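Reader: I would like to learn how to read a few features of a model. Please take them in turn.

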Amino acid sequence: MNEEEYYVPEGTYWPIIGSIGVSTLFVGFANQMHGVEWGASVMALGFAITVFMMFGWFGQVVNESTSGIYNKQVDRSFRWGMSWFIFSEVMFFAAFFGALFYARELSVPWLGGADNNIFTPDLWNSFSASWHQMAFMAPGSVTDTALQSGTVLSFPAVPASGIETATPAMVVNPWGLPALNTALLLASGVTLTYAHHALRAGNRNQIVGWLVATIALGAAFLGFQIMEYGHAYQDGLKLTSGIYGSTFYMLTGFHGFHVTVGVIMLTVILYRVQKGHFNADNHFGFEGVAWYWHFVDVVWLGLFIFVYWL
Amino acid sequence: MTTATASHDDHHHGPEKGLMRWVKTTNHKDIGTLYLWFAFSMLLIGGALAMGIRMELLQPGLQLMDPHFFNQLTTMHGLIMVFGAIMPAFVGLGNWLIPMMVGAPDMALPRMNNWSFWILPFAGGILLSTFFMEGGAPAFGWTFYAPLSTTFAPDSTDFFIFAVHLLGFSSIMGAINIIATVLNMRAPDMKLMDMPLFVWTWLITSFLLIGAMPVLAGAVTMMLTDRNFGTSFFDAAGGGDPVMFQHIFWFFGHPEVYIMILPAFGVVSHIIPTFARKPLFGYSSMVYATASIAFLSYIVWAHHMFLTGMPVAGELYFMYATMLIAVPTGVKVFNWISTMWRGSMTFETPMLWAISFVFLFTIGGFSGLMLGIAPADIQYHDTYFVVAHFHYVLVTGALWSIIAATFYWLPKWTGRMYNEGLAKVHFWWAVISVNVLFFPQHFLGLAGMPRRIPDYSLQFADFNMISSIGGFAFGASFILFTYIIVDCIRNGKPTTSRPWEGAKGLEWTLAPKADYHSFNKPPSRKLIEAESQHS
Amino acid sequence: MTEFVIVLIVIAILVALGFGLIGMVRGGKKGSDKMFKSLVTRVSLSVLLFILVLFSGYMGWIEPNMIMVDAPIAQK
């Protein structure tokens, strides 16, 4: 295609399908949470529409790309788009890391009476602040004297959701599965780098081998992560286990979701490599996914260090 | 390949026919139009809610509605105006104008552009539907502080949360698109420092959006799990902290207020030079001032939280950092005034709106400085003074610039001229009534009237009545506004390609009604230089 | 001290990742080279960091976030 001319795509139905899909998904989800009968099925329908849209839309872009109607400028637009999408992901994780640091360094110590928090002894005299074992106070934990003397009128003993809470008997040991999982994910970063190298050298067989290894490592990570959740749950560490459980599950959970998406994207890339969509000089699809995987990898490293260690 | 080539040729023939044109469109002008009409209808809905609020506050005592419904009105009014009216209106302006201003045929990612619009009606629909749900719409204020929005909120809050998620997707995609357009679709001969101010301010706003909206998504996600899955991010009983919600919210919320005002600065920086017939004074200082404001907006969030029991060191830091914002903002105001200094000024409608923007926005800026003083804020916090402050910056700031931009670029959008006489009547009607509406609220706030309360003490009665009457008059002015716009689209006199004598910018080199695709070939360096905002 | 070094390496990894992103955006041969080199740096640093964390934990320089506290919370 002529480099001098601009490229503008034809009209498209994918966005409206996507809007319908995502809205259906959310409306179904909200109803499901409120115990409405049809919630789950509507949610599943919305999810299916969304997945259909993703495959259709990306498929169309891939087809257009391989048929050669895009020029360098379109390629650069995709690069800009991908990079700022990733930045928005970084900021999304930043919100949860921020919550982790704020709760661990400020709000839990304050509850424990740090910085001359004079209310603590009166409100919760049996309370000692320890980061990983936060759980909801049982109703009796407010001292009777405090209630009787009128310093506390009422106290939200039941959480917003009304779900019963539990105190974990154990917290997750970083020497076991987490260390193994870190090793797996780091190894996947290494294999992906080899795949990248092979791609740049134009060696397709090697790319396929390294990519398969990367996908396998990612899938193994997910498997072990599910195992770890199982262990943690049995030991009483749940989403409802106070702020420790909240931050632990939300951070690792969203990370796990991103790993899942990454594995799917890598699988698509594997398929596209076998179809011969990339060459040594032109492989933005691969680069975008590779960078995404490195990003997910680094997020895990941050989790491993800041959630389990520091 | 053949089908691809055929489709590639399609767009030279102009738009498709029928309704599907608007659903399928990848054209920046179509999408810009959709955004603007969506924003306008949301503005009318949000305005109708505001009329309800002022009706209730016309007289002391509970007059028309129960307090719970009043709370729903204030909450939904804020949410609709911020997320449904102002932000989409600016994205619509950006869509229409940025490709023309940078010499591009369209946005960089046109299909995604379509999606970032078409999410909005769905998100808006979900948000509005909460009014009809059991327990009513969200009633915890547009800032949805925990635990009001977690422990004590109705079920409809979950729908609100998902609506915010969708609005966030839309804004992020819109921002990504604008960044890619400005950085990649700009005419090859246009340097960054040749770009018009509206493009610059939107580019910087996009960075704010991409930095802030995901944090909001995180905040509402935590709310969602707190409400439904038993997490305790914002619940002290589980080791969390309701104040943490405020920190996360305002880390989004403060950049958000600059998201709503930076493009306004850009609009005014176009209109004032045109009607003063002088180049913009201090072009580069405008760019740097915008960037500094954007940077500072990330590090001042807790000035919304002076009364949460922050350590004194925190209060001092956030107070001083907030004061610092006055410096780049002052640079801008002085630049606008210097642009007008000894210019051969005329006062067509866009100029009237722009000048009143400078004047009234500065009032809002000053009351903001007053609120930024931590010890004084103890008195002002959560009073009508705050309401007056942010309505001066958002109504007579952001909305004013949107209306100014509408009149300024309407000839380029429609190829027709609006009725100047009627437009002037509308301007004076609006500018007088808006001051009657909001100025007395300063006095109410200083005297101690709290915001978000449907009833008030008797000593506040007079000012409230004045304010309400101003409110009804201001609301009615939009009937005239609608008429002027529709009249222009249908019966306006055809204009030339450059209807404003002193106007500069690539968009004025296009046909009177800009073609469906703006620049199929990039403009030359000579043209860019001739149309730049430099002196 | 160890914690300081760990955080420093984390920042270095983020910087390398960022340079990789810049390379990706730039595109072409140059950008591709830059991206690849940055990502190699980021992988190497990550492996180094992992080993450092495990070693420091083994030596007791840093303690995992899992020490059991004897005082139980929220006694009935």
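Author: Start with what covers a helix. Two residues are in contact if their C-beta atoms, placed from the backbone, lie within 7 Å; helices (H or I, at least four residues) and strands (E, at least two) are DSSP runs, numbered from the N terminus. Here the cover over the buried residues of H16(B) includes H3 (28-57), H14 (384-414), strand E1 (416-417) and H15 (420-446), of chain B. This is a predicted model: local features need pLDDT of at least 70, side-chain atom pairs count only at pLDDT 80 or more, and totals for chains, interfaces and linings use all residues. Residues are numbered from 1 along each chain as its sequence is written, with chains lettered from A and ligands numbered from 1 in the order in which they are written.

Reader: Which residues of H16(B) are buried?

Author: A residue is buried if 20 or more other C-beta atoms, placed from the backbone, lie within 10 Å of its own, exposed if 12 or fewer, and partly exposed in between. Among those buried in H16(B) are Phe463(B), Gly470(B), Phe474(B), Phe481(B) and Cys488(B).

Reader: How many residues does the contact take from chain B and from chain A?

Author: Chain B puts in 67 residues and chain A 60 residues. On the side of chain B that touches chain A, H7(B) gives the most, with 12 residues.

Reader: What secondary structure does chain C have?

Author: Chain C has two helices and zero strands. Of its 76 residues, 30% are buried. Among contacts in chain C between residues at least 6 apart in sequence, 54% join residues at least 24 apart.
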